[in-house]
Amino acid sequence: MAILEAEHIQKTFGGVQVLKDISFSMEKGQTLSIIGSSGSGKTTLLRCLNFLERPDTGMIRVNGETLFDAGDPDTTTEREIRKKRLHFGLVFQSFNLFPQYTALQNVMLAGQLLAKEAEDYKVRKREINLAIEEHARELLTQMGLGDRMGNYPHQLSGGQCQRVAIARALALTPDILCFDEPTSALDPELTGEVLRVIRELADKETTMIIVTHEMAFARDVADRVIFMDDGYIVEQGPPAEVIENPKEERTRQFLSRYTQG
């Protein structure tokens, strides 16, 4: 069974239709890369999947559960949306770390805020916070930042900040981890360290959606690739087909920029 199903997603901003009848699915453990030119709708699709934007029409299911149905008001209340965001972790292109918190505190924060909503939090506060801290330390160590946990964002390189952001996104054990151009804000020499972490997550069969402009990375790491243009999915399939042997002329035109020279 598919872990994620998106059906007939549409989104309009100020009279401009940014997403036009988007439908796709993915399996647990897959890595899906979304490629396309700026303005093609890639980031908006990711934000709709994470409920940072609400689709105008369509349906989103995770593990067979309908998380969002534009035609069902019971799934679109703010309280329901807040709960259902927990199925997704999102890594932003500009890190979005809190500058007043250390790396460790940034990773712990969401878990601590969520734990306070539990009925037994006051009784088990110390136990719960220790478990959250231990998990955060494990994630930062996994990201190669075991010696940077007490550092503030301004004391870290861009690549290190992005790895903290990845650890933060993993902290609530989401079903699907999403990346929005995870290397676009990095200097070229720092890009490799972040791509290496994502590759390791793919090797562990972490379910991921990656919006990226790194064509070689998408080809080598993704199980499936979606090419978007002007709000549509133009082509989707295995990277060997979409990137190496595209069927659609628009896909070939887009990819030709990466193969010239």
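In the predicted model, F227 stands opposite E235 in strand 10, within a pairing in which strand 9 (residues 224-229) and strand 10 (residues 232-237) run in the antiparallel sense over five bridges. Strands, like helices, are DSSP runs numbered from the N terminus, a strand being E over at least two residues and a helix H or I over at least four, and two strands are taken to pair if DSSP finds at least two bridges between them. Strand 9 and strand 10 form a hairpin with two residues between them, and D230 in the turn has a positive phi of about 55°. Residues are numbered from 1 along each chain as its sequence is written. Because the model is predicted, local features need pLDDT of at least 70 and side-chain atom pairs count only at pLDDT 80 or more, whereas totals for chains, interfaces and linings use all residues; side-chain values use heavy atoms, with hydrogens and water left out.

An open sheet is formed by four strands in the order 2-1-4-5, with antiparallel pairing. Strand 2 (16-26) and strand 5 (65-69) stand at its edges, and each has a single partner strand, so one side of each is left without a neighbour in the sheet. Neighbouring strands are turned by 20° against each other on average, direction ignored. Strand 1 (residues 4-13) is joined to strand 2 by seven bridges in the antiparallel sense, and T12 has Q17 in strand 2 as its bridge partner. Across strand 1, strand 2 and strand 4 (57-62) lies helix 1 (residues 42-49), which runs at about 65° to strand 2; such angles run from 0 to 180 degrees between N-to-C directions, and the axes are lines fitted to C-alpha atoms, for helices over the stretch in contact.

A further pairing links strand 6 to strand 7 (residues 176-180), which run parallel and are joined by four bridges; the bridge partner of L90 in strand 7 is C178. In a regular strand the side chains alternate between the two faces of the sheet. In strand 6 (residues 88-91), F88 and L90 point one way and G89 and V91 the other way, and all are buried, buried meaning under 20% relative accessible area, exposed over 50%, and partly exposed in between (1.4 Å probe, protein chains only).

Helix 3 and helix 5 pack at an angle of about 25°, with their axes 8 Å apart. That angle makes helix 3 roughly parallel to helix 5, a term for angles under 35 degrees, with those over 145 counted as roughly antiparallel, 65 to 115 as roughly perpendicular and the rest as oblique. At this packing, A103, N106 and V107 in helix 3 meet V164, A167 and R168 in helix 5, contact meaning heavy atoms within 4.5 Å.

G150 is placed in the loop between helix 4 and helix 5, and at 54% relative accessibility G150 counts as exposed. Although G150 and A103 are 47 residues apart in sequence, they are 6.1 Å apart in space, C-alpha to C-alpha.
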